[in-house]
Amino acid sequence: MKSFKIILLALLITGCVSVRVNYDYDKTTQFDNYKTYNYYSDMNTGLSELDTKRLLNAIDIKMTAKGFSLSDTPDFFIDIKSSEYREAQRSSVGVGLGGGGRNVGGGISIGIPVGQSNVNRQIIIDFVDENKKQLFWQAVSESNYNPNAIPGEREERLNAIVEKVFLEYPPKQ
């Protein structure tokens, strides 16, 4: 019953958060061969130090739930990169002025943007087999981002992203 509540909570969290995820993987990979992982020591996530800790904690919890363990001699490494971008504004108000009569006409129109453009964050999570020197799985997530969010909201957002990212891992081949 407890696991049902956790799954339901995870679905509610991911349902409330708009997260888009694209996956790619090497079809020849034997995913069952991977049991241990670690992170690259020189990883530059593009996140603040606190958000990086939140993200790695969320990933560790998810990886443990999927049967993986953190190791100093891992089967694969995880690399994380992220970037922010602004989405173009889609809303505007048009103001028009026109006139005409007796074969004379004219007009003017102005589009005025309404509201602010959305800030989005893209997070790329790569699984790399260092022995083979190759990437074998990748998830690219995109979601809204509030740079002024309080710590609890940031943690909730990153947990929802991780939940959605790992829905399709390992891939069904």
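Is T52 buried or exposed? At 15% relative accessibility, T52 counts as buried, because buried means a relative accessible area under 20%. The legends below describe close-up views of a predicted model.

**Figure 1. Overall arrangement of the predicted model.** The protein contains 3 helices and 8 strands. Read from the N terminus, its elements follow the order α-β-β-α-β-β-β-β-β-β-α. The protein has 173 residues, and 34% of them count as buried. Its accessible surface amounts to about 11300 Å², with 52% belonging to carbon and sulfur atoms. Among contacts between residues at least 6 apart in sequence, 74% link residues at least 24 apart.

**Figure 2. T52 and L50 in helix α2.** T52 lies in helix α2, and L50 is found in helix α2 as well. With residues up to four places away in sequence not counted, T52 touches T45 and L47. T52 is buried at 15% relative accessibility, whereas L50 is exposed, with a relative accessible area of 54%. In sequence, L50 and R154 are 104 residues apart; in space, their C-alpha atoms are 9.7 Å apart.

**Figure 3. The largest nonpolar core.** This core has 29 residues. Those with the most contacts inside it are I59, I78, I80, F127 and W137. At least two residues of the core come from each of β1, β2, α2 (49–65), β4 (76–86), β7 (119–129), β8 and α3. Helix α2 supplies the largest share, 5 residues. In soluble globular proteins, nonpolar side chains tend to be buried together.

**Figure 4. Surroundings of W137.** W137 belongs to the core residues with the most contacts inside the largest nonpolar core. Leaving aside neighbours within four places in sequence, W137 is in contact with Y23, D24, Y25, F31, I125, D126, F127, V165, F166, E168, Y169 and P171. Two of these partners, F31 and Y23, are the subjects of the next two views.

**Figure 5. F31 in the loop between β1 and β2.** F31 is found in the loop that lies between β1 (19–25) and β2 (36–39). F31 counts as buried because its relative accessibility is 6%, and the limit for that class is under 20%. Beyond its neighbours within four places in sequence, F31 is in contact with Y25, D26, F136, W137, Y169, P170, P171 and Q173. F31 and Y169 are 138 residues apart along the chain, and their C-alpha atoms are separated by 9.3 Å.

**Figure 6. Y23 in strand β1.** Y23 is found in strand β1. With a relative accessible area of 30%, Y23 is partly exposed. Leaving aside its neighbours within four places in sequence, Y23 is in contact with W137, Q138, A139, K164, V165, L167 and E168. A separation of 9.7 Å lies between the C-alpha atoms of Y23 and I125, which are 102 residues apart along the chain.

**Figure 7. The cis peptide bond between Y169 and P170.** The peptide bond from Y169 to P170 is cis, with omega near -10°. P170 lies in the segment after α3. Y169 and P170 are both among the contacts of F31, and Y169 is also one of the contacts of W137.

Figure 8. K133 lies in the loop between β7 and β8. Although K133 is not a glycine, it has a positive phi of about 55°. K133 counts as exposed, with a relative accessibility of 62%.

**Figure 9. The second largest pocket.** About 230 Å³ of space lies in this pocket. Its lining consists of 15 residues, and N146, A149, E153, R154 and R157 lie nearest the centre. The elements giving two or more residues to this lining are β8 (134–144) and α3 (151–165). Helix α3 provides the largest share, 6 residues. By residue class, the lining divides into 6 nonpolar, 3 polar and 6 charged residues. R154, one of the lining residues nearest the centre, is also the residue whose C-alpha atom lies 9.7 Å from that of L50.

Notes
Residues numbered from 1 in each chain as written. Predicted model: local features only at pLDDT ≥ 70, side-chain atom pairs only at ≥ 80, totals over all residues. Heavy atoms only, no water. Helix = DSSP H or I, 4+ residues; strand = E, 2+ residues; numbered from the N terminus. Buried < 20%, exposed > 50% of the residue type's maximum accessible area, 1.4 Å probe, protein only. Contact = heavy atoms within 4.5 Å. 1 Å grid on protein atoms, 1.4 Å probe; cavity = no way out; pocket = protein on both sides within 12 Å on 5 of 7 lines; lining within 4 Å. Points joined across faces, edges and corners; volume = space filled by probe spheres on them. Nonpolar A, V, L, I, M, F, W, Y, C, P; charged D, E, K, R; others polar. Core = buried A, V, L, I, M, F, W, Y, C linked by side-chain atoms within 4.5 Å. Areas by Shrake-Rupley, 256 points an atom, 1.4 Å probe, with all protein chains shown as cover.
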